[in-house]
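Dear colleague, please find below some comments on the model you sent. They are set out as numbered points.

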Amino acid sequence: MATSKGKIAIGLCVTGLLMTVFGIVLMFVGPTVVNQQVVKNVQINPNNELSYTMWRDIPVPFFMSIYFFDVLNPEEILMGEKPMVQQRGPYVYREFRQKTNITFHSNNTVSYREYRKYHFFRNMSVGNESDEVTQPNMLALGAAVMMEDQPDWMKIIMTITFNQLNVKPFLKLRVEDLLWGYDDPLVDFLNKWFPGTIPFSGKFGLFADFNNSNTGLFTVHTGADDIRKVHMVDSWNGLKKVSYWNSDQCNMINGTAGQMWPPFMTPESTLPFYSPDACRSMELVYEKPGEVSRIPVYRFIAPKTLFANGTVYPPNEGFCPCRESGIQNVSTCRYSSPTFISSPHFYNADPVLLQTVDGLSPNEEEHGLFIDIHPMTGIPMNCSIRLQLSLYIKKVSGISLTANIAPVVLPMIWFAESGYIDGPVLTTFYNNLVLIPFILKFLQYMLPVVGILLLVISLILGLYDKKFIKVYHNSEDEDTAPTERTALLH
């Protein structure tokens, strides 16, 4: 029995020692191995099947939900009354994105064009594309504001043209036409008599240049030489900076293309990206940790300063001329049209904007912008990019079409681009980049704990074994002592 317990103690001691040593080694080697695997998998490299496929084709569901602000009192607006709007939507489109013309360069960058296609999803929408919505005539009212400082004779010509073409200040059109294009006689007139004023011909639509189009030529870093630069934009359409704005800082092309970011994020990290649609770089900030489908994430949101004017946030002075804080003038990249971008329903904007339009009710849950990122890889798990487009309208002296419109930034439309990882892609991502690192991290702490426990048990068994042997020998001595004394007497 003593021998059996002694062997068990030796076996437990050896096992515990090995587990402790292996666990301690894993503490030092494990994080390095995991980080190396992350670095290998997040580089833009055709050999990285998972991340490269996600980067190239975005195989996860991606949707664009569109909401219109239906104008309820167009006639009263022309008389100077406050606009009343009613939100209509969502009208949901499945968004398909695919990168083409992918070219790798010797300086560890890759160039591509990303094409977008949209397909209407009726079962996720509140109605059909045939639904009618009343909206301001963006071309006519926008052109009127653009002509405000021009000579009177030019305004007279414009008024005559509007009358001859029977142009209306407000239009009631189908959703499909408003988005993807409708025939407007003003387009042909401008192209004929003022060539170059607008960059398109034929039909006019709010998103006419989105469908079956690309976002420009992006050149981004692959991360092969420095993983901290992966996905960061090197140039866009050959440019290192744009020329839309009034300061070098505002014209800078910063961050990624807005789909993936460098790995190993911390709460101090930010999410910078360049948006061709907004003609500027933006930066999201950390809000809180969370979890999406068992995957740990960091939530990043738009700071309140994102669309703040130069008075509230001096670094944004380059985006001016500004109006109320919370809306950004994008006329310089929208062919001088008096258009503004903001968060939906003027969320996080100057409250005075809500006083000029009835029917708005901003709140964070519905109108806040967010991206949930897996911090170890920099890959988004869930996101919702929400932006609003508004038109500045007013009475312009000499242009009768504008009647007595009071100056107002009138919301027209807002949209949310949202996507999430699901299905087989989520399973593969979870197994390779969450589960395996978790197991390694678990083992590096559990092995030493179990190993030390086994060493303690072996020590107890060993001490017990020695005590048992000692007691056994003592009992033998006591049994033989009388016999020895009897022999001596004889």
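The points below cover the basis of the model, its cavities and pockets, its salt bridges and a surface patch.

1. This is a predicted model, in which local features need pLDDT of at least 70 and side-chain atom pairs count only at pLDDT 80 or more, whereas totals for chains, interfaces and linings use all residues. Residues are numbered from 1 along each chain as its sequence is written, and side-chain values use heavy atoms, with hydrogens and water left out.

2. The count comes to 6 cavities of 30 Å³ or more, where a cavity is a set of points on a 1 Å grid over the protein atoms alone at which a 1.4 Å probe fits but cannot get out. The largest cavity holds about 670 Å³ of space, a volume being the space filled by probe spheres set on the points, which are joined across faces, edges and corners. Its lining consists of 36 residues, and Phe62, Arg97, Ala257, Gly258 and Gln259 are the ones nearest the centre; lining residues have an atom within 4 Å of a point.

3. Among the elements that give two or more residues to the lining of the largest cavity are α2 (49-57), β3 (109-120), β14 (379-393) and β15 (408-420), helices (H or I, at least four residues) and strands (E, at least two) being DSSP runs numbered from the N terminus. Strand β14 gives the most, with 7 residues. By class, this lining has 25 nonpolar, 6 polar and 5 charged residues, where Ala, Val, Leu, Ile, Met, Phe, Trp, Tyr, Cys and Pro count as nonpolar, Asp, Glu, Lys and Arg as charged, and the others, Gly among them, as polar.

4. Arg97, one of the residues nearest the centre of the largest cavity, also meets Glu95 in a salt bridge (2.6 Å, N to O), that is, a side-chain nitrogen of Lys or Arg within 4 Å of a carboxyl oxygen of Asp or Glu. Glu95 counts as buried because its relative accessibility is 2%, and Arg97 is likewise buried, at 16%, the cut-offs being under 20% for buried, over 50% for exposed and partly exposed in between (1.4 Å probe, protein chains only). Salt bridges link Glu95, Arg97, Lys99, Glu114 and Glu417 in a network.

5. Which side chain does Arg228 meet in a salt bridge? The partner is Asp226, at 3.1 Å from N to O; Asp226 is buried, with a relative accessible area of 19%, whereas Arg228 is exposed, at 66%. The whole structure has 16 salt bridges.

6. The second largest pocket holds about 460 Å³ of space, a pocket being an open set of points with protein on both sides within 12 Å along at least five of seven lines. It is lined by 20 residues, with Met376, Val434, Pro437, Phe438 and Lys441 nearest its centre. Helix α11 supplies the largest share of this lining, 9 residues, and the lining divides into 15 nonpolar, 4 polar and 1 charged.

7. Leu17, Val21, Ile24, Val25, Met27, Phe28, Val29, Val33 and Tyr445 form a nonpolar surface patch with about 800 Å² of accessible area together. Patches are made of residues with over 30% relative accessible area and no salt bridge, nonpolar side chains (Val, Leu, Ile, Met, Phe, Trp, Tyr) being joined within 5 Å and like charges within 9 Å; areas come from the Shrake-Rupley method with a 1.4 Å probe, only the protein chains shown counting as cover for residues. Helix α1 (residues 2-42) gives the most to this patch, with 8 residues, while Tyr445 is found in helix α11 (residues 423-489) and counts as partly exposed, at 47% relative accessibility.
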